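These exercises go with the sequence and structure shown below. Try each task before reading its solution.

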Amino acid sequence: MQLNFHTFYLSILLIMCSGVPLAAQSGFDAERAFEDLHAQCDLGPRNPNSDGAQAAIQFYSSILKPLADTLHLQNFQMDDPYSSEQLNLTNIVARFQPKKTQRIILCAHWDTRPRAEYDPTAPTRPMIGANDGASGVAILLEIARQLQSNPVNPGIDIILFDGEDYGEPRDLEHYLLGSRYYVEHPFKPMAQRVILLDMVGDAELTIKVDPVSYRSAPRLIEEIWALANDIGYDQFQLVTGASMYDDHVPFIEKGIQAIDIIDFEYPGPNNAYWHTHDDTPDKCSAESLEAVGNTLLSWLYQQ
Ligand SMILES: [Zn+2]
């Protein structure tokens with residue numbers, strides 16, 4: 001398109017009058033993030049010791065290696081509580097400006113559940129976790145791309161945790177394996193604030209406030225929810241939701257401010273797709289990834 005001076009000045013005037021929507025400013029590419037959600041699911045289940053897990057580590061490394069200043073594969077082992085095998089686990093840690101002392105951790109779990117206990121037909125088969133696993137990671141991979149082209153002021157650690165969703169129901173000791181390991185073996189300097197994304201791809205997204213997060217960092221919650229609403233994302237609702245036991249908890253136990261951005265109603269209050277084989281990409285959307293990814297990135301550019 002050729003731009004004559006009249007349209008040029010008119011465009012400038014329009015921009016000045018209407019303001020550039022924040023949605024256009026952060027650069028977050030939700031379609032590309034949604035492709036990364038699909039790509040992870042195409043690898044199959046990504047539970048510990050599976051072929052999918054190996055392929056996923058390769059996939060994340062190939063994307064993050066050229067983007068981050070340093071990329072660490074933090075490998076660790078533990079006895080499998082449910083078999084005689086040894087579990088091989090890997091946290092993926094991509095650091096941006098690793099010497100900065102003012103830091104923020106952005107994290108999500110990359111593992112998927114080795115079972116789908118609420119599935120009516122195949123409860124023992126591993127699941128692919130489009131929302132519960134791939135969605136948070138997809139957003140963080142896209143944020144990593146943006147951080148490389150447009151750095152933010154604080155140092156950022158993007159951490160993809162393994163073993164979040166390993167435990168059998170009610171066996172809380174065997175959840176959060178990667179984040180528990182990380183808080184005992186962190187890369188330093190350690191961040192002052194932690195933002196966790198989990199189950200953020202639901203096409204019917206509603207993000208209420210986890211009371212555990214709010215007790216840890218009320219101002220952080222209020223800032224992010226207010227910014228989301230200012231941009232125009234009504235998916236963020238400043239009302240009390242379910243209390244979450246998730247990868248933010250080990251950080252809170254160490255005295256670090258940490259919040260969980262999570263929609264624990266998938267798709268509605270009965271959470272019908274959660275830990276079933278219905279947790280598939282068609283139940284997720286690029287629009288939902290955009291609401292969370294664009295809000296988070298816009299907030300990062302304000303820090
Ligand atoms: Zn889960």
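**Exercise 1.** Is the crossing of α3 and α5 right-handed or left-handed?

Solution. Begin with the source. The model is predicted, so local features need pLDDT of at least 70 and side-chain atom pairs count only at pLDDT 80 or more, while totals for chains, interfaces and linings use all residues. Residues are numbered from 1 along each chain as its sequence is written.

Step 1: find the elements. Helices (H or I, at least four residues) and strands (E, at least two) are DSSP runs, numbered from the N terminus. Helix α3 covers residues 30-42 and helix α5 covers residues 130-149.

Step 2: take the axes, which are lines fitted to C-alpha atoms, for helices over the stretch in contact, with angles from 0 to 180 degrees between N-to-C directions. The axes of α3 and α5 come within 8 Å and cross at roughly 135°. That angle makes α3 oblique to α5. The classes are: under 35 degrees roughly parallel, over 145 roughly antiparallel, 65 to 115 roughly perpendicular, and the rest oblique.

Step 3: apply the rule for handedness. A crossing is left-handed if the near helix is turned anticlockwise from the far one by less than a right angle, and right-handed if clockwise. The crossing of α3 and α5 is right-handed.

Step 4: list the contact, where two residues count if their C-beta atoms, placed from the backbone, lie within 7 Å. From α3 come R32, A33, F34, D36, L37, Q40 and C41, and from α5 come A130, A134, S135, V137, A138, I139, L141 and E142. By class, the contact of α3 with α5 has 10 nonpolar, 2 polar and 3 charged residues. Here Ala, Val, Leu, Ile, Met, Phe, Trp, Tyr, Cys and Pro are nonpolar, Asp, Glu, Lys and Arg are charged, and the others, Gly among them, are polar.

**Exercise 2.** At what angle do α5 and α10 pack?

Solution. Step 1: the angle between α5 and α10 is about 40°, with the axes 10 Å apart. The two helices are therefore oblique to each other.

Step 1: the crossing of α5 and α10 is right-handed. The contact is made by S135, A138, I139, E142, I143 and Q146 of α5 with L289, V292, G293, L296 and L297 of α10. These residues divide into 7 nonpolar, 3 polar and 1 charged.

**Exercise 3.** Which residue does a cis peptide bond join to P189?

Solution. Most residues other than glycine have a negative phi, and most peptide bonds are trans.

Step 1: K188 is joined to P189 by a cis bond with omega about 0°. P189 sits in the loop between α6 (177-184) and β5 (193-198). The bond from Y266 to P267 is also cis, with omega near 5°, and P267 is in the loop between β8 (257-262) and α10 (286-301).

**Exercise 4.** Does L176 count as buried or exposed?

Solution. Step 1: L176 is not a glycine, but has a positive phi of about 55°. The residue lies in the loop between β4 (155-161) and α6.

Step 1: count neighbours. A residue is buried if 20 or more other C-beta atoms, placed from the backbone, lie within 10 Å of its own, exposed if 12 or fewer, and partly exposed in between. L176 has 24 C-beta neighbours inside 10 Å, so L176 counts as buried.

Step 2: repeat for M199, which has a positive phi of about 55° and lies in the loop between β5 and β6 (207-209). With 29 such neighbours inside 10 Å, M199 counts as buried.
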